[in-house]
Amino acid sequence: MSAVIDARNVSRVFTMPAGPVTAVADVSLTIEAGDHTAIRGPSGCGKSTLLHMLGCVDTASSGTLLFGGRDVATLSDRERSLLRLRQIGFVFQRFFLLPMLTARENIELPQAEASVSRAERRARTDELLDYVGLSARADHRPSELSGGEMQRVAIARALANRPRLLLADEPTGELDRATGDQIAELLDRVNADGTAIVIVTHDLALAERCRRVLTMRDGRVESEVTR
Amino acid sequence: MTLGALGFAWRSLRRQPARATLGILGVAAVGALLFDMLMLSNGLVLSMRDVLDRAGFDLRVTATDALPGQGPRLPRGVDTAQTLAALPAVRSAIALRFASATLDQSNGESLDASLQGIGGTGIRPWTLLTGRDVNGRGEALINESTARTLNLKPGSMLPLHPTCGGASALPVATVVVVGVATFPFDSLSSATIVTSMETLGQICGNVDVADADLIMVASSESAGSQTAAEAIRNAVPELQVLTNAQLVGRLERGGFSYFRQISTVLTTVTLAFAVLLITVLLTVSVNQRLGDIAALRALGFTRGRVVADVLSESGLIVGIGGALSIPLGLILALGLDGILKRIPGIPSDVHFFVFEGRALGLQVALLAGTALAAALYPVSIVARLPIAATLRNEVVG
C-alpha cells in the first residue's frame with residue numbers, strides 16, 4: 001500500500017506569553033491508503049493539533065510531513081488549499097455546515113470550488129445524499145436538520161471530491177449515543193469503500209471500531225494498537 | 001444556483017436581512033448625500049454657464065476688470081455698442097445701464113425693483129410673454145413677478161421712485177407698461193423694469209445716460225466668441241472683454257468656490273461615515289462566521305476565495321445602496337435646490353444642484369472605492385485567519 005501521509009518526527013510548539021508550549025512532540029506516523037485509525041487521549045494531549053497538521057491546516061514547527069510523497073512545508077498556501085480541496089476531507093465536531101445553504105448546496109460547495117461541472121456536481125451530490133441516507137432532506141437547510149443528519153451531510157460534503165483521506169475531529173462529540181453509533185457505522189462504510197480515515201475521539205466505542213488506535217499523552221504517541 | 005463569490009455573498013446577505021437592509025439603507029442615505037454634494041460642487045457653475053449661454057450673448061464688455069455695475073461706466077456706451085455691432089465678428093451688441101427704483105404696492109408697502117436702461121439694436125436678452133417690446137419714450141417692460149405683485153398688464157401705468165447712481169431724491173416718474181417678459185437673471189420674487197436709455201435718462205432727472213455699465217455682445221455664428229473678443233479688443237483696446245467661459249471662471253474662483261469647498265468637506269465626511277458603517281457591518285458579519293470561514297479554508301477554499309466573498313458582500317451592499325442613492329439624491333436635490341433658491345437675489349433659472357455625467361461617474365468611482373476601503377479590515381481578518389486555531393477555539397468556545 002502507498003503512504004497517503006508520512007509524518008516524520010513532527011512537533012508543534014505554540015508561542016505563549018508564559019513561554020513556549022509543546023502541543024505535539026516528535027511524532028512519527030504513516031497513514032496508508034484505506035487505513036482506519038483512531039487517535040485517543042485526554043484533553044490537551046495534542047490529538048487535534050496532530051490532526052490539523054495531518055490535514056495541512058497547521059504546519060509543524062519541526063519534522064517533515066509528506067502528503068503523497070510531497071513535503072507539505074514546501075507548498076504555498078494556495079497549493080495546500082488545493083491539496084485539501086482535492087485529497088482531504090474534513091468532518092468537524094460542530095459540523096460547520098453553511099446555514100444559508102441547503103444540504104444539497106453544502107455538498108455541492110467543495111465540488112464547485114474544484115470547478116466540477118454543474119451536471120457532474122448534481123450527479124455526485126445525488127449519489128452522496130443517497131449514500132448517507134438523506135435524499136429526502138436534500139433541500140433542507142441545516143437549521144431544519146437534526147444533529148445526526150447535519151453530521152451525515154458534513155460527511156457527504158467531506159467526500160464530495162473523492163478524497164484519499166478523511167479526517168474527523170470528534171465526529172460524535174455533539175451527538176447522543178444512538179446517533180453517534182449511526183455516524184460511526186457510516187464512517188466504517190466510508191472506510192470500507194476505500195477512503196483512509198483518521199478519527200480524533202474521546203469516544204472509546206468509536207475508537208475501537210478502528211483497526212489502529214493511537215493513544216497520545218503530553219503531545220507524544222504513548223501507545224499504538226493495531227488489530 | 002451559483003456558488004461563486006457573488007452568489008455566496010448574496011446568500012450571506014439574505015440570511016441576515018435586517019443587517020443587510022440596515023447596510024443598504026445606510027449606504028443609500030449616505031450615497032444620496034454624496035451625490036448631492038457632487039452635484040453641488042459644480043452645479044452653480046454649470047447652471048450659471050447655461051443661463052449665460054441661454055441669454056443669447058456670449059461676450060460682456062466693461063470699462064474695467066470689475067464686475068458690471070461695480071466699477072466705472074463705459075463712456076458713451078450706446079455709441080460703443082453700435083461700433084461693436086458693426087464689426088463683422090459681432091451679430092448684436094446692446095448697452096445696459098443699471099439703476100434701481102421702489103414701487104408702491106396697493107397694501108402701502110414698497111417693492112424694490114431693478115431698473116435697467118437698454119441702448120442699441122439687435123437681439124434682446126429677454127423673452128417676451130405678452131405685449132410688445134420697448135419702442136418709444138416712457139415705455140417699459142416688466143417681469144412676471146412685478147406684473148403679478150402689482151397687478152399690471154400691457155397698457156398699465158407704473159409710477160416709480162427712482163434711485164440713480166446714489167441720487168434718491170428724484171421725483172416720481174411714470175412709465176407705460178408695454179409688455180411682460182422673463183429675464184434670464186430674475187429671481188423668483190425680484191422686480192425688474194427695463195426701459196430705453198432715453199427714458200432712463202428722463203427718469204433719473206434728465207441726466208445724460210450715454211455711459212453704460214455693460215455692453216452685452218453676441219458673436220456671429222461664423223466667428224465665435226474668441227474671434228469676436230479679439231476683434232473687439234483690436235477695435236477698442238481700452239475695454240475689458242469677457243467671454244461667458246471667462247466670466248464663469250471668475251465666478252468659479254470667487255464666490256462659487258465656497259460651494260466647492262463645502263462640497264469637498266461634506267463629501268469627505270460622508271464617505272468616512274459610509275466606510276465606517278460598512279466596515280462595522282462587515283466586521284460583525286465576519287466575526288460571527290469565523291468558524292464557518294475556517295471550516296471553508298480547511299475544506300480547501302483558497303485565501304483569495306474567502307477574501308473575494310467578503311469583497312463581494314461589501315460590493316453588494318454598496319452596489320444596491322448606491323443604486324438606490326441616485327434617485328434618492330435627485331429627489332433630495334430638488335428639495336434642497338428649492339430651499340436655496342429662496343435666497344433673495346438668486347436668479348430663478350440658476351440651480352445649485354445640477355445633474356451631470358461627471359458627477360454620476362465620480363459617484364460610482366467613490367462608492368467603489370468606499371466598498372474596497374470598507375472591506376479592508378474585515379478582509380484582513382479573513383486573510384490572516386489561522387485555520388487550526390480558529391477551529392480549536394470554536395470547539396472550546
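Visitor: In chain B, what share of the contacts with a separation of 6 or more comes from residues 24 or more positions apart?

Guide: Please keep in mind throughout that this is a predicted model. In chain B, residues 24 or more positions apart account for 81% of the contacts with a separation of 6 or more, and in chain A the corresponding share is 70%.

Visitor: What is the secondary structure of each chain, and how does the radius of gyration of chain A relate to the globule rule?

Guide: Chain A comes to seven helices and ten strands. Its radius of gyration is 17 Å, close to the 17 Å that the globule rule gives for 227 residues, so chain A is as compact as a globular protein of that length. The C-alpha atoms of chain A fill a box of roughly 50 × 40 × 40 Å along the principal axes, and buried residues make up 50% of the chain. Chain B, for its part, has twelve helices and ten strands. Of the 397 residues in chain B, 44% are buried.

Visitor: How many residues of chain A are in contact with chain B?

Guide: The size of an interface is often given as the accessible area lost when the parts come together. Here we can read the interface by its residues instead: 26 residues of chain A are in contact with 22 residues of chain B. On the side of chain A, the elements that give two or more residues are α1 (47–54), α2 (77–87) and α3 (103–113). By class, that side of chain A has 13 nonpolar, five polar and eight charged residues.

Visitor: Let us stay with α3(A): how many of its residues are buried, and what covers them?

Guide: Ten of the eleven residues of α3(A) are buried, so this helix is largely enclosed by the rest of the structure. The buried residues include charged side chains by name, among them R104(A), E105(A), E108(A) and E113(A). The cover over the buried residues of α3(A) includes α2, α4 (118–131) and α5 of chain A, together with α10 (303–340) of chain B. Just after α3(A), S115(A) takes a positive phi of about 65 degrees.

Visitor: At what angle do the axes of α3(A) and α5(A) cross?

Guide: Two packed helices are described by the angle between their axes and the distance between the axes. The axes of α3(A) and α5(A), the latter spanning residues 147–159, come within 7 Å and cross at roughly 25 degrees. The two helices are therefore roughly parallel to each other, and their crossing is right-handed. The contact is made by A103(A), N106(A), I107(A), L109(A) and P110(A) of α3(A), with V153(A), A156(A) and R157(A) on the side of α5(A). These residues divide into six nonpolar, one polar and one charged.

Visitor: Which residues make the contact between α2(B) and α11(B), and how are the two helices arranged?

Guide: Helix α2(B), residues 17–54, and helix α11(B), residues 357–383, pack at an angle of about 140 degrees, with their axes 9 Å apart. That angle makes α2(B) oblique to α11(B), and the crossing is right-handed. From α2(B) the contact is made by G31(B), L34(B), F35(B), L38(B) and M39(B), and from α11(B) by A359(B), L362(B), Q363(B), L366(B) and L367(B). The residues of this contact divide into eight nonpolar, two polar and no charged.

Visitor: Where does F95(A) lie, and is this residue buried or exposed?

Guide: F95(A) lies in the loop between β6 (88–91) and α3 of chain A, and with 22 C-beta neighbours inside 10 Å it counts as buried. Its phi is near 65 degrees, a positive value in a residue other than glycine. F96(A) is also placed in the loop between β6 and α3 of chain A, has a positive phi near 55 degrees, and is buried, with 24 other C-beta atoms within 10 Å.

Visitor: Is Q70(B) buried or exposed?

Guide: Q70(B), found in the loop between β1 (59–62) and α3 (77–85) of chain B, is exposed, with 10 other C-beta atoms within 10 Å. Q70(B) and D211(B) are 141 residues apart in sequence and 14 Å apart in space, C-alpha to C-alpha.

Key:
Residues numbered from 1 in each chain as written. Chains lettered and ligands numbered in written order. Predicted model: local features only at pLDDT ≥ 70, side-chain atom pairs only at ≥ 80, totals over all residues. Contact = placed C-beta atoms within 7 Å. Helix = DSSP H or I, 4+ residues; strand = E, 2+ residues; numbered from the N terminus. Axes fitted to C-alpha atoms, helices over the stretch in contact; angles between N-to-C directions. Parallel < 35°, antiparallel > 145°, perpendicular 65-115°, else oblique. Left-handed = near helix turned anticlockwise from the far one by under 90°. Buried ≥ 20, exposed ≤ 12 C-beta atoms within 10 Å, placed from the backbone. Rg over C-alpha atoms; globule rule 2.2 N^0.38 Å.
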